[in-house]
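These are my notebook entries on one protein model. I set down what I looked up, entry by entry.

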Amino acid sequence: MSNRIPDEKVELIRRSSDIVEIISDYVQLKKQGRQYIGLCPFHGEKSPSFSVSPDKQLYHCFGCGAGGNVFSFLMELEGFSFIEAVRNLGDRANIELPEATIHSGSVDGPLVHMKTAHELAAKLYYHVLTLTEQGAQGRDYVKERGFTKEQMEHFQIGFAPDRWDSLVTILKKRDYSLETMVQAGLLGERESKDGYYDRFRNRLMFPIWDGQGNVIAFGGRTISDEKPKYLNSADSPIFHKGKTLYGLHLARPSIRKEGTVVLFEGYVDVIAAWGAGVTNAIATLGTALTEEQAKVIRRNAEMVTVCYDSDKAGTNAAFKSARILEEAGCTVKVAQMPEGLDPDDYIRTYGAERFQSDVIGASLTLMAFKMRYLRRGKNLQNEAERMSYIEDVLTEITNLPRAVERDHYVRQLAEEFSLSLEALKQEQLQIYRAKKKQAQTQYKTSEKPIQPKKSFEAKRLLPAHQNAERFLLAHMMRDVEVTELVLERIGGDFHIDEHQAIAAHLFSFFGEGNEANPSQFIQGLQDEKLIRIATELAMMSLNEEYQEQEILDYMKLIETYPKRVKIQQKELEMKQERDPIEAARLLMEINRMKQELC
């Protein structure tokens, strides 16, 4: 692909892109020594095994094996082609690419057209709302709802005019495929198949972005009595409701600063909260929180405050969302509001200061919220219902990870109902044992029991010659002199096929006059498996002040491996030999072969 983008331009963009900064847009990273660590975005995990090296400009997950440089990160996570990744990073670094590349048809595929069309639509809707007569009704509605100019600008709120072909006309003029725009969710196709129409009309428009700020969908709120009240983009090749979180890219700076997220149910609540000074606000898109969304939240922050509507549906949704977030490894709190108010209503009624102090600031711990939730609808004066409630609460207390938390809430329960603390602790212990027994039974009867996760350390228990090859290649990637020494003595005689291939690439890389640069070297690899192995080797901890004898010892282990295999075969033959004379002959041969190894 480098024939379409000059190699020197690709290398300039790679060197101008800080991998820690790029990955931080997707993962909450914490400094640990010379590396940064976080939760891997490529597989679900609760303990961080994802490592990023600012020195080598590489990333590697010691859990799933994903690894590479800044280009491969975007390609794997966003599904970009190589050129799309280069162009994306070039834009971020303000590095211009050749015109031929920018306008190449091979680059601008259907997905890119869908994204640019959404950007165009967002600009159209914003322009209509703020500057045209067609947007007058929208401006009246915005004023009535109390949205400020700053909120409208920050969230790019717009208005779709009450016409069937406003967007169709503009997209036609820009030579967009209208059929592709139907797939993107911007247009509809007439039943007669003889034309297209705007999907959104006479609605206040809220752009929906991906995690990097690209418009990928819209939410449309009617300003009349038209049904439905909210019309959202359907899932498309560039938009998936269950994976997208509204406003994440806008909230990310505040999330990093405050270390916490405030989660709402819809975009109007996020906009209202931002106006009230809660700038770390995000939302689901009118649907229940999914596991995928919870994982995205956990990668960006550990603390989450759930702030949903106060009605029955909102409380039930908060309870379910809290469980999902807890499973994803988040520490969860739940904000409470007066009955009958949603966050937007509360802010308009009581103001920003009270919202921050009396709602967000007074959020309940998850266990306190669960206790309130579990007692809803129960008559605690009734003995049977009271005992049922106590058992439900004890079950939840049993799930708490810290002993001090369990003790705190058991004591609280004992005081509230004037019960024996010792009796409650005994009851909680019985619940714990019952759950443990149930889990063990399920594990034994499962057809496919869950296998324990292989640790990174377990992967290092390799044969001596294989470890020697790994360490030798790791040194070769960092030092051209080591590579020259290896080329002169053993060439490409590595015993693992992938190691042999990496060595061959290294000989070629340095033969072209390149300096030692693991990230640049990995950039030239095409095979995904080689990229992962090479990245893992590049991230290995090595003694930078190595002695030449260390390198020679690695090479000797590699050279003598075939002879050691032959010795093992002879030893096996000798054990199986019944003729004492033949056995003695084999022993002498084995001793001779061992002497040759010294």
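**Entry 1**

I began with Arg203, which counts as buried because its relative accessibility is 2%, and the cut-off for buried is under 20%. I note that the model is predicted, and I read each value with that in mind. I then looked for a partner of opposite charge. Arg203 forms a salt bridge with Glu226, and the closest N and O atoms of the two are 3.9 Å apart. This pair links distant parts of the chain, since Arg203 is in strand β9 (residues 203-209) while Glu226 is in the loop between β10 (215-222) and β11 (230-232), 23 residues apart. Glu226 has 33% relative accessibility and so counts as partly exposed.

**Entry 2: Lys378 and Asp392**

Next I looked up a second pair. Lys378 and Asp392 meet through their side chains in a salt bridge, at 3.8 Å from N to O. This pair also links distant parts of the chain: Lys378 is in the loop between α17 (366-375) and α18 (383-398), and Asp392 is in helix α18, 14 residues apart. Lys378 counts as partly exposed, at 27% relative accessibility. Asp392 counts as partly exposed as well, at 29%. I then recorded a network: salt bridges that share partners join Glu21, Asp25, Arg92 and Arg256.

**Entry 3: a pair within one helix**

I turned to Glu11 and Arg15, whose side chains form a salt bridge of 3.6 Å, N to O. Both are in helix α1 (residues 7-16), and because they are four residues apart, about one helical turn separates them. I recalled the general rule: an α-helix has 3.6 residues a turn, so residues three or four places apart point the same way. Which of the two partners is buried and which is exposed? Glu11 counts as buried, at 13% relative accessibility, whereas Arg15 counts as exposed, at 55%. For the whole structure I noted 27 salt bridges.

**Entry 4: two buried charges without a salt bridge**

Glu469, in helix α22 (residues 464-478), is buried and has no salt bridge. Its nearest side chain of opposite charge is that of Arg470, 9.0 Å away. What does the side chain of Glu469 make a polar contact with? I found the side chain of His499, at 2.8 Å. Leaving out residues up to four places away in sequence, Glu469 touches Phe494, His495, Ile496, His499 and Ile558.

Lys241 is my second case, and it lies in the loop between β11 and α11 (248-258). Lys241 is buried and has no salt bridge. The nearest side chain of opposite charge is that of Asp235, 4.6 Å away; a salt bridge requires the nitrogen and the carboxyl oxygen to be within 4 Å. Beyond residues up to four places away in sequence, Lys241 touches several residues, among them Asp235, Leu285, Thr287 and Gln293.

**Entry 5: helix α4**

Why is helix α4 largely enclosed by the rest of the structure? Eight of the eleven residues of α4 (residues 82-92) are buried, and I therefore describe the helix as largely enclosed. The buried residues are Phe82, Ile83, Glu84, Ala85, Val86, Arg87, Leu89 and Gly90. Just after α4, I noted that Asn94 takes a positive phi of about 55°.

**Entry 6: Glu326**

I located Glu326 in helix α14 (residues 312-327). Glu326 counts as partly exposed, at 32% relative accessibility. Its contacts, apart from neighbours within four places in sequence, are with Val332, Leu366 and Lys370. I also checked Glu326 against Val304: they are 22 residues apart along the chain, and 9.5 Å separates their C-alpha atoms.

**Entry 7: the whole chain**

The secondary structure comprises 28 helices and 16 strands. The C-alpha trace spans about 100 × 75 × 50 Å along its principal axes. Of the 598 residues, 45% count as buried. Among contacts with a separation of 6 or more, 63% are between residues 24 or more positions apart. The accessible surface is about 31,200 Å², and carbon and sulfur atoms account for 49% of that surface. I recorded 78 positive and 88 negative side chains, with the centres of the two sets 5 Å apart.

Key. Residues are numbered from 1 along each chain as its sequence is written. This is a predicted model: local features need pLDDT of at least 70, side-chain atom pairs count only at pLDDT 80 or more; totals for chains, interfaces and linings use all residues. Side-chain values use heavy atoms; hydrogens and water are left out. Buried means under 20% relative accessible area, exposed over 50%, partly exposed in between (1.4 Å probe, protein chains only). Lys and Arg count as positive and Asp and Glu as negative; His and the chain ends are not counted. A polar contact is a pair of N or O atoms within 3.5 Å; within protein, one must be able to donate a hydrogen and the other to accept it, and residues adjacent in sequence count only if both atoms are side-chain atoms. Contact means heavy atoms within 4.5 Å. Accessible areas come from the Shrake-Rupley method with a 1.4 Å probe; for residues, only the protein chains shown count as cover. The place of a charge is taken as NZ of Lys, CZ of Arg, CG of Asp or CD of Glu.
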